[in-house]
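Here is a predicted model, taken up in questions and answers. Each answer sets a value against its cut-off.

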Amino acid sequence: QKKSEATHKCPTCWHACGRCICHIIKPLDFTIDVSFIVYVHYSEYLSGGDDAKLMQLAAPDRTKLLVYGREGDDDILLSEVAKNPHGTFLLYPSATAISVDDFKALQARQSGTGTLVSSLTLIVLDATWARTRSMCRHFNKMLKLDIPHIQLQPTTLSVYARKQSQPDRICTLEAISLLLQELGEQQAVCDALVAAVRINNSALQAHVKLVAVMEECQRIQDATDEAFGREPQKRALSTGEGGSGSDHGRA
């Protein structure tokens, strides 16, 4: 079924081809040397409602997307961790998770310079809350990854289109944004990641005509461009309807 879905969807943003948002979300200019491994549950793979896949657009040269349960992807994950064993960490509120401040202190001790190690690798689990727990167990028992776990304390409500199971839960991209903010990334980058979630939300609106959806997506991106001091670009918007909007798999 996933292969059949792939023939009708953009391979990057996972929306129906007529509602592709890849041309709208631009790569961001990060000030922190950080790379991202998005470890997505196979049930979320190719879902238009997924948000972490947008890291492929926001940070295309820094992001690897791996699928939990796909042959060979665990080997790739282990290889990436081996490249940066002291700078790799998992964003997940496990029982052993530490705060960002504690992580900074740990990094300072490991680097020997009193600062963060020169390069960081962030792993995020992309799935529903219930599924991330089984993924975390897989990390600990099967992959035996001995890396720090970091937890956040969200202070704002999620902008995610899918209703969260608890009021203090946020989506994956919002969590990445909040973590980067605590690590010292510029605010414009953090805000742009949350804006990308809003763009993705707009693309899911099957009941709204495509041209209106694209105009709303572009409006959000234009505001992001202004925050970076970039001149918003005028683009010709497609008016052809694409797909039935059945991408609400995460509702």
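Q: Why is Lys-144 called exposed?
A: Its relative accessible area is 62%. Exposed means over 50%, so Lys-144 qualifies. The residue sits in the loop between H5 and E5.

Q: What makes the phi of Lys-144 worth a remark?
A: Lys-144 is not a glycine, yet has a positive phi of about 55 degrees. Most residues other than glycine have a negative phi.

Q: Why does Ile-32 count as buried?
A: Its relative accessibility is 12%. The cut-off is under 20%, so Ile-32 counts as buried. Ile-32 also lies in the loop between helix H1 (2-6) and E1.

Q: Which residues is Ile-32 in contact with, leaving aside neighbours within four places in sequence?
A: Ile-32 is in contact with Arg-62, Leu-120, Leu-180, Leu-183, Gly-184 and Glu-185. Gln-186 is 154 residues away along the chain, but the C-alpha atoms of Ile-32 and Gln-186 are separated by 8.8 Å.

Q: How do you know that the count of disulfides is zero?
A: A disulfide needs two cysteine sulfur atoms within 2.5 Å, and the count by this rule is zero. Take Cys-22: the nearest cysteine sulfur, that of Cys-10, is 3.5 Å away, and Cys-22 is in no disulfide.

Q: What makes up the contact of H3 with H5?
A: Asp-74, Leu-77 and Leu-78 in H3 meet His-138, Phe-139 and Leu-143 in H5. These residues divide into four nonpolar, one polar and one charged.

Q: What makes E2 and E5 edge strands?
A: Five strands form an open sheet in the order E2-E1-E4-E3-E5, with parallel pairing. Strand E2 (63-68) and strand E5 (149-150) each have a single partner strand, so one side of each is left without a neighbour in the sheet.

Q: How do you know that E3 and E5 pair?
A: Pairing takes at least two bridges, and two join strand E3 (residues 88-91) to E5, so the pair counts. The two strands run parallel. In E5, His-149 is the bridge partner of Leu-90.

Q: Which strands does H3 touch as it packs on the sheet?
A: H3 touches strand E1 (34-41), E2, E3 and strand E4 (120-126). The direction of H3 makes about 140 degrees with that of E2.

Q: What is the secondary structure of the chain as a whole?
A: There are eight helices and five strands. From the N terminus the elements run α-β-α-β-α-β-α-β-α-β-α-α-α. Of the 251 residues, 49% count as buried.

Key: Residues numbered from 1 in each chain as written. Predicted model: local features only at pLDDT ≥ 70, side-chain atom pairs only at ≥ 80, totals over all residues. Heavy atoms only, no water. Contact = heavy atoms within 4.5 Å. Helix = DSSP H or I, 4+ residues; strand = E, 2+ residues; numbered from the N terminus. Nonpolar A, V, L, I, M, F, W, Y, C, P; charged D, E, K, R; others polar. Axes fitted to C-alpha atoms, helices over the stretch in contact; angles between N-to-C directions. Buried < 20%, exposed > 50% of the residue type's maximum accessible area, 1.4 Å probe, protein only.
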